[in-house]
Each structure stands twice: as structure tokens, then as C-alpha cells.
Amino acid sequence: MAPSVNAPRRAALLTLGCARNEVDSEELAGRLAGSGWELVDAEDGAPDVIVVNTCGFVEQAKKDSIDTVLAAADVARPAGAKVVAVGCLAERYGAELANDLPEADAVLGFDAYPELAERLGDVLGGHAPAPHTPADRRLLLPISPVERPAATADVSVPGHDWVPDLAGVARTRLSGGPVASLKLASGCDRRCAFCAIPSFRGSFVSRPPADVLGEAAWLAGDGVRELVLVSENSTSYGKDLPGGTRALVDLLPRMASIEGVERIRVSYLQPAEMRPDLLTAIATTPGVAPYFDLSFQHASATVLRRMRRFGSRTDFLDLCARIRALAPEAGIRSNVIVGFPGETEEDLAELEAFLTGARLDAVGVFGYSDEDGTEAEGYDGKLDQAEVGARVARISALADELMEQRAEDRIGTDVVVLVERSADDEDCAGRAAHQGPDADGESYVVAAAEDGPDPESLRPGDLVRCRVLDTEGVDLLVEAVELVRPAGTGALAASASG
């Protein structure tokens, strides 16, 4: 049966890339819902338009984004629906992408976001806007995060009587569960030689603290127990605010005091910007996970300088030691790039020595590849791809061995696990404080200690103290000792569910 002429238009959103993109999609969903659109599933919801939020960071991500647009077109075309590409790839390549990808009915950059509902309406009416012409966004006005009515009170003043305006949050969650990302800032002012992100994401812009806290309270009211703070560089948060870079140190305890929030996790930290006060705040503030997502990238001082970064093996080992002096069980994770132009065997050995000494909980290993418009694209000393691949395999094997050893060190210790899947989903699993989302391993609740809760009874959102029995790679096998707090407790969560 044909839909009523008065029926709301239907949109589906597909998201590629990082947690920051996931938040962008939920903000776009909020804009569409606020304009009367219905949000539906791409395959089962009979959408009028499928919006693909693309990633443009590295070659594989670009390919995945293009493949997703093509797959969306295969779904949309038989039903007469449209496909629109947005996100980083669309912003970065604009008209070039539109020309090479005719399967997309429109390619929209970031400047189209405030009027997305109108632009999608234009597409459905056969009047697709012209693709934008990409420009270096560092030379334009910064891309500020979505302005919200809640961002009014000055919560930087101790003792300020602040009440969040939950109705003012312009975001619609696209997936449930007890964990959600929360954007601290947009853009980046660093000039790493291998990275193109600042050119299409723009300069660094912090969100006002009241804005962040208002959205945190709204998420807690939606049943979120863990908030993952994301940005391109969280250590820079506040540098453009009146209180300066101490803003994050002041923000964390205030966020942890929000009813329903059990754990806060800070992501995307720059080692060279890790000030002692921020290190201490993350390691010791109740309710904040002692978890350090540090972007080391390498450990050879020579390679780091060519990358336009700072530090050395000695500096980074000292940072890890200072973290563990404050929080011995802290989780430390990082990414490294191998095969960077000019990287020697001595440089690679320096990286191996760092990884061996640092005992990181999780390491992502990536092979260098040229990125359009970056400084490193013009460097000499490029390694052939076979050699880069060999170095990736070599460092990955070492990293895997060291990560497994680090997990084994936790056998016999207690961890607090936030349950994300129940036994109804085949296994009861979640993450401990040292385990970040997606790539740092999980904790599987496989048994109950004497007087401990039955794993079959645990539900997503439960917080459970567990004892580590064994490991499988970086995953922990744990027994439930006691329920710290059941899901759905707290005033905000109760009001949301009622």
C-alpha cells in the first residue's frame, strides 16, 4: 500500500569510521527527527533516502565507505529511494567524489549539516545541491559542534547551581546499550606529517562545559552507564575556553557526579600534552576509568621528529611509569605506525624496545601509506609496500605476545565489569575499566563465585565486581563476585524508564 501523502519522510543512516562519526550521525539523526523525519532501518524500513556518513581517514576506510555507498544504492534503487553521501570522505573530495560515484544522488559537505532536512528534501524533489568544492578547513571558520540550548550556564564556577536542560539536546541515539560516546571537541591544531584530518575537520574547537554536561545527563537518562569522551585531541580540551586546559580536569568530577553515570572514559590523548594534573585526574578521580588512550605512533625520536611529533622511548616509558605509580592496574593503549619514510632498522628496534618495556594493554599496528595533501606524501626514503607489510607483521606479532602477557598478569585480580551483553545473547560479556570499546578485548562472565550473582541473571548495564580466572588472548574469563549496582538505578534512569 502506498504511504499517505501526509506520512513523514523516512531516512536511514549508515555510519563508517570512528566514534566521532557515530556521534555526528546521532546529531544528524536529531536534526532530522526534529524536522519531522522518521528514522528507519536501511534494508527493512523502506527509507526514502539512505544517508551514508563516510570516513576519509586512510585508504581502507575510503574503500569501505565507497563500498557502503554502492551497497546502499543496490538497496535503494529498486525501491525508488535516494542515496546521499556525507561525512569526511564527502567533505574531503566533494565534486571529485560525486563525479566518480554516480551511485550517490548527492554528496554533501559539513556545511550542509545545519539544513540537512531541507537538503534531503531537495534531493527527493529532484533538485540535488551541487557538490561543494573542498578547501583546507584550517583556513575557514572552525566547525563548531552543534549548539544546544543547554549550553548556557557557567559550570566552570565551583558550586554553581546547574540543572541540565535535557530537552535541549539535539541528538537521537541510533543504537541502545549502556555505553555511548560523547564529543568533547571538534578539529585539531596539530600538524602531524602523516595526517590529513585537520585539513577537512578544521581547527580545534572545544564544546562549552555546560553543553557537555547537559548531554551527559541526557545520555544517563537514556540508560547509558559509561560515557566515552571523544575528540580529535582530548588533551587540548579547554585551550580555547576561559579556564584554559584545566577545563577537562574540572569537568571530569562534575560529570562523574551525574546520577546514573558509573564510568567515564577519556579517549584520544596526546602524550606530549599529558600534564600532571590531567594524568592525576584520570588515574584517581572516582568514576573515571584509569584508562589512557595515548597516541604514541612510534618511539624513535628520529621518526617522531619526521612525523612532526614529540617524545622518545625514554619519555614514553617515563609516562607509563608515572601512570602506573598512581594506578597500578591502569589500562594503557596506543596505535603505532611502522614503515614511515626513512624508518631504519635501528628505529624499528627502538619501537620494539619501547613496546617490550611499556607492557601496553592494547596496541594497534598500522603500516604507513601516503595520504593526499600531507607533508609526508612528499618525503623521500619511502619503503616499498612489501617491506612495510613485513614490518607490520613483525611488530604485530610482538604486540600480540605482549598484550597476551599483560592480560595474563591480571589473573587472580578483581575487575569491575560493565555488562554489555547478557547470556540471552549466547554469552554474558562486558568490559573492565582497562578495556576500551571495540579493540581492547572483553571480559566474559563464565561463572559465579560463592554467593556471587549467576551470570544468567546479569543484564546489560549491570556493574559487577569479578575475579579474573583465565585469559583468551586479550580477553578475560571472569567469575562474578558481587553486583555493584544493577542496571536502571539512579534518578535519571528511573525517570527515563518510567
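## Sheets, cores and ring pairs in a predicted model

Pro178 is found in the loop between helix H4 (116-124) and E6. The model is a predicted one. Pro178 counts as buried, at 5% relative accessibility. Its contacts beyond four places in sequence include Gly223, Val224, Arg225 and Glu226. Leu418, Val419, Glu420, Pro460 and Gly461 are also among the residues that Pro178 touches. Pro178 and Arg225 are 47 residues apart in sequence, yet their C-alpha atoms are 5.1 Å apart in space.

**The open sheet**

Three strands form an open sheet in the order E6-E9-E10, and their pairing is parallel. Strand E6 (179-183) and strand E10 (263-266) are the edges, each pairing on one side only. From one strand to the next, the twist averages 25 degrees. Strand E9 (residues 226-230) is joined to E10 by four bridges. Glu226 has Arg263 as its bridge partner in E10. Helix H6 (residues 209-221) packs on this sheet and touches E6 and E9. The direction of H6 makes about 165 degrees with that of E6.

**The closed barrel**

Five strands take part, running E14-E15-E16-E18-E17, with mixed pairing. Here the twist averages 55 degrees from one strand to the next. Strand E16 (residues 443-448) and strand E18 (residues 475-485) run parallel and are joined by five bridges. Tyr444 stands opposite Leu477 in E18.

**Cores and helix H8**

In soluble globular proteins, nonpolar side chains tend to be buried together. The largest nonpolar core here holds 77 residues, and Met255 and Phe292 touch the most other members. Beyond its neighbours within four places in sequence, Phe292 is in contact with residues including Leu269, Met274, Leu279, Ile282 and Ala283. Ile323, Ala330, Gly331, Ile332 and Arg333 are also among the contacts of Phe292. Another core, of 23 residues, lies apart from the largest one; Leu13, Val51, Cys88 and Leu108 are among its members.

Helix H8 (residues 276-284) has Leu278, Leu279, Ala281, Ile282 and Ala283 buried. The buried residues of H8 pack against helix H7 (247-256), E10, E11 and helix H10 (313-326).

**Aromatic pairs**

Six aromatic pairs turn up in a search of the whole structure. In one of them, Phe296 and Phe354, the ring planes stand at 70 degrees, so the pair is edge-to-face. Phe296 lies in the loop between strand E11 (291-293) and helix H9 (301-306), and Phe354 in helix H11 (residues 345-358), so the pair ties together parts that are 58 residues apart in sequence. Phe296 is buried, at 1% relative accessible area. Phe354 is buried too, at 0%.

Phe340 and Tyr368 also form an edge-to-face pair. Phe340 sits in the loop between strand E12 (331-338) and H11, and Tyr368 in the loop between strand E13 (362-367) and helix H12 (385-408), so this pair ties together parts that are 28 residues apart in sequence. Phe340 is buried, with a relative accessible area of 0%. Tyr368 is buried at 7%.

| Aromatic pair | Centre to centre | Angle between planes |
|---|---|---|
| Phe296 and Phe354 | 5.0 Å | 70 degrees |
| Phe340 and Tyr368 | 5.2 Å | 80 degrees |

Ring pairs also link Phe296, Phe316 and Phe354 into a cluster.

**Arginines over rings**

Arg20 lies over the face of Tyr268, 4.4 Å from the ring centre. Arg265 lies over the face of Tyr291, at 4.5 Å from the ring centre.

**Positive phi values**

Most residues other than glycine have a negative phi. Which phi value does Arg308 take? Phi of Arg308 is near 65 degrees, a positive value. Arg308 is placed in the loop between H9 and H10. At 46% relative accessibility, Arg308 counts as partly exposed.

Asp451 also has a positive phi, near 70 degrees. Asp451 lies in the loop between E16 and strand E17 (463-472). Is Asp451 buried or exposed? With a relative accessible area of 76%, Asp451 is exposed.

Conventions. Residues numbered from 1 in each chain as written. Heavy atoms only, no water. Phe/Tyr/Trp six-rings, centres within 6.5 Å; stacked < 30°, edge-to-face > 60°. Helix = DSSP H or I, 4+ residues; strand = E, 2+ residues; numbered from the N terminus. Buried < 20%, exposed > 50% of the residue type's maximum accessible area, 1.4 Å probe, protein only. Lys NZ or Arg CZ within 6 Å of the ring centre and 35° of its normal. Pairing = 2+ DSSP bridges. Axes fitted to C-alpha atoms, helices over the stretch in contact; angles between N-to-C directions. Contact = heavy atoms within 4.5 Å. Core = buried A, V, L, I, M, F, W, Y, C linked by side-chain atoms within 4.5 Å.
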